[in-house]
Amino acid sequence: MKMKCLALGLALCSIFASYSQEPNSPEFGKGLFNLIGKDSTWSAKIAARIQLLGSTTWTENAKGNFTDPHYNALIRRARLKFDGFAYSPKLSYKIELGLSNRDISGGSQYTSDAPRYILDAVVMWNFYQNFELWVGQTKLPGNIERVISSGNLQLVDRSLLNGQFTLDRDIGIQLRHYTYLTDTFLMREILSISQGEGRNITTGNLGGHQYSGRLELLPFGEFEGGDEYSGGDLKREESPKLMLAATYNLNLNAVKTRGSQGTYMETDYGFHKTDINTLFIDAVFKYNGFSFMGEYAYRDAQDPFARNIDGSLTGEVVQVGHGLNLQTGYLFNSNWEISGRYTNIKLDNNITGENPENQYTLGLSKYIVGHKLKVQTDMSYLSVNNAPDELMYRLQLDLHF
């Protein structure tokens, strides 16, 4: 299947090159091809990206020593990306395919037992002034760390907060709008209605739909080149830039332990269904190489316990609780960056049985061509109440054509 998908991508590249008016060879990091149709009614940018990751994890033993390291090396991500416009520049699209095992894992009866190759397949229509309608599968307007591309992260990977609370991707519609309240004060709003089951689901809506709303406030105007959605201050903002934002998500009759994510809450009569509420509050600040990102997440549920028809517990519960993620860094003129992150996860122990977690991470990055070619490394210390602590070291190469 991987070879078929790769062959399809290469075939598309060949077709575009044969029938386009001006097949360009853009500068590094801006796509493999930037193509425009003969009648200028379509365009396509084709890009590829790989992340190579090596990691070592040590677990604390009964004597308080970190021993027995576990080594792992893998292709963390491998992607093919296509974007452009069709018929009119006001009608754009994005397709992103994942090829690594981590990208395509999670296939089940709910995805027709097929690998989950498709990450994004979305059409975006700027139908009136500052209004845009998105239709298809893509990231929901959730926490800022998730919305930032995995290729533009400040550290090797996203935090524990994102892993526990993210809304990730779903299929549905999004309405987006922006306006300037003053000459510099920008406000953006996003409303979303989606299926509620996550990406690549083929069995339809098993529970209820999910509804998301996000409000973003940028009192000092736009970041350079949309840099609020990128880790670190690689643009070296000449004046202070700030974004304050909040997202609320309601997943009605959700059948998974984390809303549209997690495991299915199956019972002997079908699925346990409950309303799940998720709240995100986040902030991004950048100025002259300094960057800060903060996130708070909270989730609760109307009935977090999955029960069989006789009232007995199945063992599946909604992962209710809250998390905090604080991250900062400074980019030197040499394009070396030092960064740090603190993450706290506190799920409701009476419901989930999970103990509070604290993770401390120190990172070092060398940006050779911005986020398009970089080497990143970090060291993390994970402290879990009443459980062994862990040390983790990671080294990653990111290459993005």
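## The largest cavity

Let's start inside the protein: Ile 148, Gln 154, Glu 228, Ser 230, Gly 231, Gly 232, Val 284, Lys 286, Ser 291, Phe 292, Met 293 and Gln 327 line the largest cavity. Two elements each give two or more residues to this lining, namely strand E15 (274–287) and strand E16 (290–301). E16 gives the most, with three residues. Helices (H or I, at least four residues) and strands (E, at least two) are DSSP runs, numbered from the N terminus. A cavity is a set of points, on a 1 Å grid over the protein atoms alone, where a 1.4 Å probe fits but cannot get out, and lining residues have an atom within 4 Å of a point.

The volume of the largest cavity is about 80 Å³. Here a volume is the space filled by probe spheres set on the grid points, which are joined across faces, edges and corners. Its lining divides into four nonpolar, six polar and two charged residues. Ala, Val, Leu, Ile, Met, Phe, Trp, Tyr, Cys and Pro count as nonpolar, Asp, Glu, Lys and Arg as charged, and the others, Gly among them, as polar.

## What you're looking at

This is a predicted model, where local features need pLDDT of at least 70, side-chain atom pairs count only at pLDDT 80 or more, and totals for chains, interfaces and linings use all residues. Residues are numbered from 1 along each chain as its sequence is written, and side-chain values use heavy atoms, with hydrogens and water left out.

## The other cavities

The count comes to four cavities of 30 Å³ or more.

## Salt bridges

Across the whole structure there are 19 salt bridges (a side-chain nitrogen of Lys or Arg within 4 Å of a carboxyl oxygen of Asp or Glu). Take Glu 96 and Arg 49, whose closest N and O atoms are 3.9 Å apart. Glu 96 sits in strand E4 (residues 88–98) and Arg 49 in strand E2 (residues 43–60), so the pair ties together parts that are 47 residues apart in sequence. Both Glu 96 and Arg 49 are buried, where buried means under 20% relative accessible area, exposed over 50%, and partly exposed in between (1.4 Å probe, protein chains only). They also belong to a network of salt bridges that links Arg 49, Arg 79, Lys 94, Glu 96, Asp 103, Asp 120 and Arg 169.

Another pair is Asp 378 and Arg 394, with their closest N and O atoms 3.0 Å apart. Asp 378 is in strand E22 (residues 373–384) and Arg 394 in strand E23 (residues 390–400), 16 residues apart. Asp 378 and Arg 394 are buried too. Then there's Lys 30, which bridges to Glu 27 at 3.8 Å between the closest N and O atoms. Lys 30 is partly exposed at 46% relative accessible area, while Glu 27 is exposed at 53%.

## The whole chain

Zooming out, the protein chain has five helices and 23 strands. Its radius of gyration (taken over C-alpha atoms) is 22 Å, close to the 21 Å from the globule rule (2.2 Å times the number of residues to the power 0.38) for 401 residues, so the chain is as compact as a globular protein of that length. Of those 401 residues, 47% count as buried.

Definitions and conventions: On a 1 Å grid over the protein atoms alone, a cavity is a set of points where a 1.4 Å probe fits but cannot get out, and a pocket is an open set with protein on both sides within 12 Å along at least five of seven lines; lining residues have an atom within 4 Å of a point.
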